[in-house]
Amino acid sequence: MNDEHQLSRRQLIAGIGTGLASVVATPVISASDMATSSTSEPPALDNPVTKYPKPPFEGQSQPWPGLASKMNPRPDHGETSYKGSGRLQGRKALITGGDSGMGRAAAIAYAREGADVAINYYPTEESDAQEVIALIKKEGRKAIAIPGDIRQEAFCQKLVDEAVKGLGGLDILVSNAARQQARESLADLTSEDFDATMKTNIYAPFWIIKAALPHLKPGSVIIGTTSEQAYDPSPDLYDYAQTKAATMNYVKSLAKQLGPKGIRVNGVAPGPIWTPLQVSGGATQEKLKKFGGQTALGRPGQPVELASIYVQLAANDASYATGQVYGAAGGNGQP
């Protein structure tokens with residue numbers, strides 16, 4: 001055996017010995033030690049049945065369009081419960097109906113995920129809107145308040161212009177604002193009522209999306225808020241249900257049209273969600289008192305329970321989702 005071979009064997013044996021010594025010297029950490037050293041416990045599971053208030057609710061009514069701050073119980077939009085993780089860092093979002101309901105939940109979530117946010121709302125909803133603006137600013141994000149009536153085409157164009165100017169661009173558009181007024185009979189539905197619902201729920205998204213398109217680059221997203229009413233309409237929501245079916249269809253149509261341009265279009269279809277829509281004429285007092293009780297979870301949803309859906313549809317990692325409608329109806333609904 002030559003010297004070179006003997007040297008290699010001595011080096012190998014020495015290396016093994018050193019390694020064994022290291023293993024022996026390393027303290028053994030048991031599972032109980034690791035548990036003791038842990039500084040935080042995993043979060044407890046939430047029971048969705050008992051997580052939020054259940055009916056019966058007290059009778060209450062407000063003039064249209066209503067304020068979340070005057071509802072009892074007050075809705076949870078994520079003011080303290082939504083925790084962000086930077087998924088929308090640097091993005092620029094315009095949300096209609098951003099003062100309350102799903103629009104407010106989306107606005108809070110977007111800001112906590114790192115986006116700058118402009119919200120539109122009806123002028124009488126100013127007090128609710130200012131709460132949202134304060135929450136967005138608290139996250140260190142730009143917050144743009146643009147009150148106005150989206151039933152007017154000229155305002156819809158102005159809305160987009162002001163949002164783009166204030167945010168420095170636009171890459172997320174959430175068309176969420178809606179009008180819902182329950183009418184027991186078709187005979188009770190006036191042409192003025194019908195027109196107001198159509199203008200809010202169908203014309204306004206058309207005008208706003210059309211104005212926004214020149215500003216949307218590949219990777220941008222459009223999100224519409226439809227409803228379980230698009231699939232299973234209530235008899236007293238004749239006009240509203242039609243508009244939500246139309247929303248579902250424009251989502252699917254636009255997704256095909258804008259897909260080649262790299263712009264994704266999706267929808268969210270809520271079930272019974274506790275928002276001012278219900279207490280300002282959207283539901284009868286009888287229906288309001290047992291609102292959400294017919295679902296599998298036995299309660300209405302809270303706006304924050306849909307916030308993560310709006311975030312997911314806007315996030316870059318949902319890049320293959322377009323033309324989809326995501327439901328959240330407590331066990332009811334069809335999407």
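1. Helix H6 (191-212) and H7 each contribute at least two residues to the lining of the largest cavity, helices here being DSSP runs of H or I with at least four residues and strands runs of E with at least two, numbered from the N terminus. Three residues, the largest share of that lining, come from H7. The model is predicted, so that local features need pLDDT of at least 70 and side-chain atom pairs count only at pLDDT 80 or more, while totals for chains, interfaces and linings use all residues. Residues are numbered from 1 along each chain as its sequence is written, and side-chain values use heavy atoms, with hydrogens and water left out.

2. The largest cavity has a volume of about 50 Å³ (on a 1 Å grid over the protein atoms alone, points where a 1.4 Å probe fits but cannot get out; a pocket is an open set with protein on both sides within 12 Å along at least five of seven lines, and lining residues have an atom within 4 Å of a point). Its lining is made up of Ser175, Asn176, Ala177, Ala178, Asn201, Pro205, Thr225, Lys244, Thr247 and Tyr250, which divide into four nonpolar, five polar and one charged (Ala, Val, Leu, Ile, Met, Phe, Trp, Tyr, Cys and Pro are nonpolar, Asp, Glu, Lys and Arg charged, the others polar).

3. Arg183, Ser185, Leu186, Leu189, Asp236, Tyr238 and Asp239 line the second largest cavity, with three nonpolar, one polar and three charged residues by class.

4. The largest pocket has a volume of about 840 Å³, and of the 48 residues that line it, Gln180, Tyr240, Thr275, Leu277 and Gln278 are the closest to its centre. H3, E2, helix H7 (238-258) and helix H8 (276-282) are the elements giving two or more residues to this lining, with H8 supplying the largest share, four residues. By class, the lining of the largest pocket has 18 nonpolar, 21 polar and nine charged residues.

5. For the second largest pocket the volume is about 170 Å³, and the residues lining it are Lys51, Tyr52, Ser81, Tyr82, Lys83, Val304, Glu305 and Ser308. These divide into three nonpolar, two polar and three charged.

6. The largest nonpolar core has 36 residues, with Leu88, Tyr110, Ile119, Ile172, Ile223 and Tyr310 having the most contacts inside it (buried Ala, Val, Leu, Ile, Met, Phe, Trp, Tyr and Cys residues joined through side-chain atoms within 4.5 Å; buried means under 20% relative accessible area, with a 1.4 Å probe and protein chains only). H10 gives this core its largest share, eight residues. Apart from this core lies another, of 29 residues, including Val160, Ala163, Ile208 and Ile222.

7. Not counting residues up to four places away in sequence, tyrosine 310 touches Met102, Ala106, Tyr110, Val174, Asn176, Ile223, Thr225 and Val268, contact meaning heavy atoms within 4.5 Å.

8. Lysine 92 lies in strand E1, and its C-alpha atom is separated by 9.1 Å from that of tyrosine 110, 18 residues apart along the chain. Leaving out residues up to four places away in sequence, lysine 92 touches Asp116, Leu167, Gly168, Gly169, Leu170, Asp171 and Ile172.

9. Overall, the protein comprises 10 helices and seven strands, and buried residues make up 49% of its 335 residues. Of the contacts between residues at least 6 apart in sequence, 78% join residues at least 24 apart.

Technical notes
Buried < 20%, exposed > 50% of the residue type's maximum accessible area, 1.4 Å probe, protein only. Points joined across faces, edges and corners; volume = space filled by probe spheres on them.
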